[in-house]
Amino acid sequence: MPLLKVEHLQKEYRSRLSANKVQALKDVNFEVEPGEFIAIMGESGSGKSTLLNCLATIDKPSAGQIFLNDKNLTKLKDREVAQYRRDHLGFVFQDFNLLNTLSVADNIYLPLVLAKDTKGKEAKLAPLAKALGIEDLLDKYPYELSGGQQQRVAIGRALITKPELLLGDEPTGALDSKNAAEIMDLFDQSNQAGQTILMVTHSSLTASHARRVLFIKDGTVFHQIYRGEQNETEFLLSINDAMTNLLGGLS
Ligand SMILES: Nc1ncnc2c1ncn2[C@@H]1O[C@H](COP(=O)(O)OP(=O)(O)OP(=O)(O)O)[C@@H](O)[C@H]1O
């Protein structure tokens with residue numbers, strides 16, 4: 001059974017000041033199996049963030065359905081949405097979104113605090129901090145850390161609740177190539193440990209870590225490629241070829 005099922009998803013934005021409508025998502029359909037690692041690519045304005053925000057229950061689709069483990073996210077009541085998001089989804093954003101007034105450990109504990117589930121939090125943090133290589137940073141504050149370190153903390157915060165789905169919006173977008181590579185290694189490790197991941201990225205190098213790439217154009221998924229037996233370098237070339245042929249060049 002798929003973990004995530006997106007059916008005929010549409011999102012229309014209406015401008016308040018004019019009669020203009022933007023059909024950001026037209027008819028998006030795809031499924032994600034448990035344990036998959038998927039990258040979503042497409043030109044600027046193609047609808048990637050809109051899709052991610054709908055999956056994240058931050059934005060409400062205009063039509064269509066999203067099922068996570070057979071729960072229809074588009075039918076959640078307003079008061080259920082925040083709790084559902086907290087309990088089932090993890091997020092990693094381009095700009096880390098850490099709270100500078102909280103220590104690294106407290107930033108990571110935040111989803112547990114919000115869920116009133118702090119019992120045994122130290123035992124949850126310890127293996128995660130070790131895997132992320134941030135054991136020595138737990139008492140520091142985000143503003144004392146480098147970008148790559150901050151993103152590690154953000155990944156810790158996203159994973160502490162063991163979410164069914166990890167959503168990334170340009171998770172390497174603010175990082176130099178060395179830090180980006182290290183962050184993608186962590187995504188790889190986490191995926192190998194069973195975590196399902198869906199991330200939006202402009203970078204074909206970042207996308208080459210995924211097992212499948214969905215290409216979106218004009219608000220619809222119009223092509224996908226699987227990594228199969230290719231190594232990362234071979235898959236990178238396949239992604240670049242697909243972008244050149246399908247999107248009219250690299251974005
Ligand atoms: N809140 C909004 N109100 C009106 N139009 C919007 C809104 N958000 C997005 N759009 C429009 O919807 C379309 C898709 O935008 P979206 O941000 O999803 O694209 P994207 O692929 O993520 O782009 P980028 O790579 O530049 O982030 C664009 O035409 C955009 O202008």
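**Notes on the predicted model and its ligand shell**

1. Of the 251 residues in the protein chain, 38% count as buried. Keep in mind that this is a predicted model. Its mean pLDDT is 93, with 98% of the residues at 70 or more. For the complex, the predictor reports an ipTM of 0.95 and a pTM of 0.92.

2. On overall shape, a compact globule of 251 residues would have a radius of gyration near 18 Å, and the protein chain has 18 Å, so the two agree. The C-alpha trace spans about 50 × 45 × 40 Å along its principal axes. If you are counting elements, the protein chain has eight helices and 10 strands.

3. The UniProt record, an unreviewed entry, carries the annotation "domain: ABC transporter" for residues 4-243. In the model, that span is 36% helix and 27% strand, and its end C-alpha atoms lie 25 Å apart.

4. Now the ligand. Around it sit Tyr13, Val22 and Ala24, then Gly42, and then Ser44, Gly45, Ser46, Gly47, Lys48, Ser49 and Thr50. Sorted by class, this shell has seven polar residues, three nonpolar ones and one charged one. Strand E2 (21-32) and helix H1 (48-55) each supply at least two of the shell residues. H1 gives the most, with three.

5. E2 turns up again in an open sheet of four strands, ordered E2-E1-E4-E5 with antiparallel pairing. The edge strands here are E2 and E5, each of which pairs on one side only. So a strand that supplies at least two residues to the ligand shell is also an edge strand of this sheet, because E2 pairs on one side only.

6. Strand E4 (residues 63-68) is joined to E5 by two bridges, and the two run antiparallel. Across that pairing, Phe67 stands opposite Asn72 in E5.

7. Is Lys71 buried or partly exposed? Lys71 counts as partly exposed, because it has 13 C-beta neighbours inside 10 Å; the cut-off for buried is 20 or more. In space, the C-alpha atoms of Lys71 and Leu3 are 9.9 Å apart, although 68 residues separate the two in sequence.

8. Pro61 and Leu9 are 52 residues apart along the chain, and their C-alpha atoms are separated by 6.8 Å.

9. Last, strand E6 (residues 89-93). Why is E6 largely enclosed by the rest of the structure? Four of its five residues are buried, so the strand has the rest of the structure around it. E6 runs parallel to strand E7 (residues 165-169), and five bridges join them.

Note on methods
Residues are numbered from 1 along each chain as its sequence is written. This is a predicted model: local features need pLDDT of at least 70, side-chain atom pairs count only at pLDDT 80 or more; totals for chains, interfaces and linings use all residues. A residue is near a molecule or strand if its C-beta atom, placed from the backbone, lies within 6 Å of it. Ala, Val, Leu, Ile, Met, Phe, Trp, Tyr, Cys and Pro count as nonpolar, Asp, Glu, Lys and Arg as charged, and the others, Gly among them, as polar. pLDDT is the predictor's confidence in each residue, from 0 to 100. UniProt positions are given in the numbering used here, feature names are shortened, and annotations may be inferred rather than shown by experiment. A residue is buried if 20 or more other C-beta atoms lie within 10 Å of its own, exposed if 12 or fewer, and partly exposed in between; C-beta atoms are placed from the backbone. The radius of gyration is taken over C-alpha atoms; the globule rule is 2.2 Å times the number of residues to the power 0.38.
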